[in-house]
Amino acid sequence: MMRTPTLEFRIREKIRKSRRIVFLRSDFKALGAYDQIGRALRGLEARGRLARIGQGLYAKARPNRITGKTMLAAPGGFDQVSKEALSRLGVRWEPTGAERDYQSGSTQIPTRITVRVYGDFSRSIFYGKYRLMVEAVAA
């Protein structure tokens with residue numbers, strides 16, 4: 001007798017097969033009820049498969065090879081994850097001047113991840129001690 005896969009298993013498989021790093025809670029709404037999805041996402045977070053980076057925002061995670069603690073699975077770390085999250089939320093954004101200077105050859109490394117956001121944006125994107133800083137620009 002075959003057992004039907006659990007909701008957590010189906011969500012984990014969807015995440016594993018996806019090229020995305022960042023997921024919205026709504027990405028899984030076709031798989032089950034709102035509360036069930038919330039429980040499954042919290043379970044995956046507790047097992048270190050996902051990291052919550054904001055309200056309804058999750059990123060792929062994996063255990064650190066050295067410490068064993070959960071870390072973001074993105075090669076670009078929190079920087080990459082936060083920018084993908086903004087794009088997934090449909091927010092128009094651009095790097096700040098300091099980051100553009102660094103990308104074009106400056107040796108001055110920006111200390112904080114800061115982006116310029118066009119229009120209203122009041123959400124918080126964070127992971128551990130990292131927090132995305134936002135400069136609002138009138139649309």
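Reader: What links E94, R116 and E135 in a network?

Author: Salt bridges link E94, R116 and E135 in that network, a salt bridge being a side-chain nitrogen of Lys or Arg within 4 Å of a carboxyl oxygen of Asp or Glu. This is a predicted model, in which local features need pLDDT of at least 70 and side-chain atom pairs count only at pLDDT 80 or more, whereas totals for chains, interfaces and linings use all residues. Residues are numbered from 1 along each chain as its sequence is written, and side-chain values use heavy atoms, with hydrogens and water left out.

Reader: How do you know that E94 forms a salt bridge with R116?

Author: The closest N and O atoms of E94 and R116 are 3.6 Å apart, which is within 4 Å, so the pair qualifies. This pair links distant parts of the chain, with E94 in strand β5 (residues 93–95) and R116 in strand β6, 22 residues apart; strands here are DSSP runs of E of at least two residues, and helices are runs of H or I of at least four, each numbered from the N terminus.

Reader: Why is E94 called partly exposed?

Author: E94 has a relative accessible area of 25%, and the term covers what lies between buried (under 20%) and exposed (over 50%), with a 1.4 Å probe and protein chains only. E94 therefore counts as partly exposed, and so does R116, at 23%.

Reader: What makes the pair E13 and R16 a salt bridge, and is each residue buried or exposed?

Author: The N to O distance between the side chains of E13 and R16 is 2.7 Å, so the pair meets the cut-off. E13, at 18%, is buried, whereas R16, at 55%, counts as exposed. Both residues lie in helix α1 (residues 7–17), 3 residues apart, about one turn of the helix.

Reader: Why are K83 and D79 separated by about one helical turn?

Author: They are 4 residues apart in helix α3, which means about one turn.

Reader: What makes a set of residues a nonpolar core, and which members of the largest one touch the most others?

Author: Such a core consists of buried Ala, Val, Leu, Ile, Met, Phe, Trp, Tyr and Cys residues joined through side-chain atoms within 4.5 Å. The largest has 22 residues, of which I53, L72, V81 and I125 touch the most other members. Helix α3 gives the most to this core, with 4 residues.
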